[in-house]
Structures are given as C-alpha cells and as structure tokens.
Amino acid sequence: MSDLHPDVRELALSVFGANGRLVSAGNDLVAALGLTSAWWQVLAALHYSPAPHTVASIARAMGLTRQAVQRIADLLAERGLVAFYPNPHHRRAKLVVLTPAGSTTLISAEQAVAPLDEAIVDRIGVPRIREAIATLHAMIAVISERLDPSDAL
C-alpha cells in the first residue's frame with residue numbers, strides 16, 4: 001500500500017473547508033429569498049445547463065444522492081420554481097425545468113452573492129480561479145474513474 005500524499009490530503013481538507021464555508025455563506029446570503037444553498041445549487045445547475053436534466057443527472061453532476069435532489073426538486077416545484085416535464089428518452093425519469101419564477105429567483109440569488117464573488121476574484125484573480133477549476137475537474141474525474149467507472153467524466 002502506498003503512503004498518503006500530504007498534498008492530496010491538504011487539497012481534500014481545503015475542498016471540505018471551502019465547501020463548508022460556501023454552503024454556510026450561501027445559506028446566509030440567500031435566506032432572505034426563501035432559499036437554502038442546496039436549493040440554489042439545483043436552480044443554478046438547471047440554469048447553466050444547455051439541456052434539461054433529470055433528478056438523477058443533477059445528482060450525479062453535483063455529487064449528491066438522487067433522493068436528496070428529488071426532495072429538493074419536489075420542494076422547488078411546490079414553490080413554482082421548477083416544473084417536471086415528460087422525458088422523451090425515459091418514461092419514468094421526468095425532466096426538471098426551471099420556471100420563469102425560478103429564473104427570477106436564481107438571478108436574485110446571484111445578485112445577493114455578487115459582492116462575495118467580486119471579493120474572491122479581487123483576492124485570487126481569474127487565472128488562478130480557472131486553474132483551480134481545471135484541477136478540481138481533474139480530481140473529480142480521477143475519483144469517478146476509481147469509484148464508479150460508469151460515471152467517469
């Protein structure tokens with residue numbers, strides 16, 4: 001068995017820490033809109049995707065369980081922020097689609113977080129942010145290949 005690589009451990013711990021702070025800050029910043037970070041993440045996943053998603057595909061993309069995303073999608077649908085539509089490729093797996101109210105809510109959430117985004121860009125810079133994105137995508141690919149080759153990116 002190989003030794004743990006301290007840089008990988010430090011990266012993983014930093015990702016965990018950043019995720020925790022992002023979720024906490026997101027909850028604080030979007031609470032006035034009646035959202036949580038998890039709800040906001042699902043709305044953003046739908047908004048930034050070029051095609052509609054099923055609950056399962058949202059869950060895979062976000063690294064969450066299908067059940068957790070289904071619960072969030074159902075709550076968002078109750079509030080009129082998403083709607084379920086028939087999926088021509090799979091009879092049982094409905095497509096989750098952002099409604100106009102969902103788009104408006106997402107825009108409001110992004111306006112609420114914009115000052116934090118600007119502070120991050122000012123401190124870190126766009127080139128380092130893009131490098132971090134590429135690093136995290138590569139990390140996700142390795143993890144996916146090792147844990148479930150059928151889900152590999």
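**Entry 1: Leu 95 and strand β3**

I began with Leu 95, which I located in strand β3, where helices (H or I, at least four residues) and strands (E, at least two) are DSSP runs numbered from the N terminus. This is a predicted model, in which local features need pLDDT of at least 70 and side-chain atom pairs count only at pLDDT 80 or more, while totals for chains, interfaces and linings use all residues. Residues are numbered from 1 along each chain as its sequence is written, and side-chain values use heavy atoms, with hydrogens and water left out.

Is Leu 95 buried or exposed? I noted that Leu 95 is buried because its relative accessible area is 14%, given that buried means under 20% relative accessible area, exposed over 50%, and partly exposed in between (1.4 Å probe, protein chains only). Setting aside residues up to four places away in sequence, I listed what Leu 95 touches, and the list includes Pro 52, His 53 and Thr 54, together with Ala 83, Phe 84 and Tyr 85; contact here means heavy atoms within 4.5 Å. I also looked up the separation of Leu 95 from Arg 9, which is 86 residues in sequence and 37 Å in space, C-alpha to C-alpha.

From Leu 95 I moved to one of its contacts, Thr 54, which lies in strand β1. Thr 54 is likewise buried, since its relative accessible area is 14%. Which residues is Thr 54 in contact with, leaving aside neighbours within four places in sequence? I found Asn 87, Ala 93, Lys 94, Leu 95 and Val 96.

I then turned to helix α3 (residues 55–62), whose buried residues are Val 55, Ser 57, Ile 58 and Ala 59. The elements that cover these buried residues of α3 include α2 (37–47), β1 (53–54) and α4 (66–78), as well as β2 (82–85) and β3 (95–98). Just after α3, I noted that Gly 63 takes a positive phi of about 70°.

**Entry 2: the nonpolar patch**

Which element gives the largest share of the patch? It is helix α1 (residues 6–30), with 4 residues. Leu 11, in helix α1, counts as partly exposed because its relative accessibility is 31%. Leu 13, also placed in helix α1, is exposed, as its relative accessible area is 56%, and the C-alpha atoms of Leu 13 and Ala 77, 64 residues apart in sequence, are 35 Å apart.

Leu 136 belongs to helix α6 (residues 126–147), and I recorded it as partly exposed because its relative accessible area is 33%. Between Leu 136 and Val 96 I noted 40 residues in sequence and 26 Å in space, C-alpha to C-alpha.

**Entry 3: Asp 122**

I checked Asp 122, which is found in helix α5 (residues 100–124) and is exposed, with a relative accessible area of 63%. The C-alpha atoms of Asp 122 and Ala 32 are separated by 26 Å, the two residues being 90 apart along the chain.

**Entry 4: the whole chain**

The C-alpha trace spans about 50 × 40 × 25 Å along its principal axes, and buried residues make up 25% of the 153 residues. Among contacts between residues at least 6 apart in sequence, 44% join residues at least 24 apart.

The accessible surface comes to about 10,600 Å², of which 60% belongs to carbon and sulfur atoms; accessible areas come from the Shrake-Rupley method with a 1.4 Å probe, and for residues only the protein chains shown count as cover.
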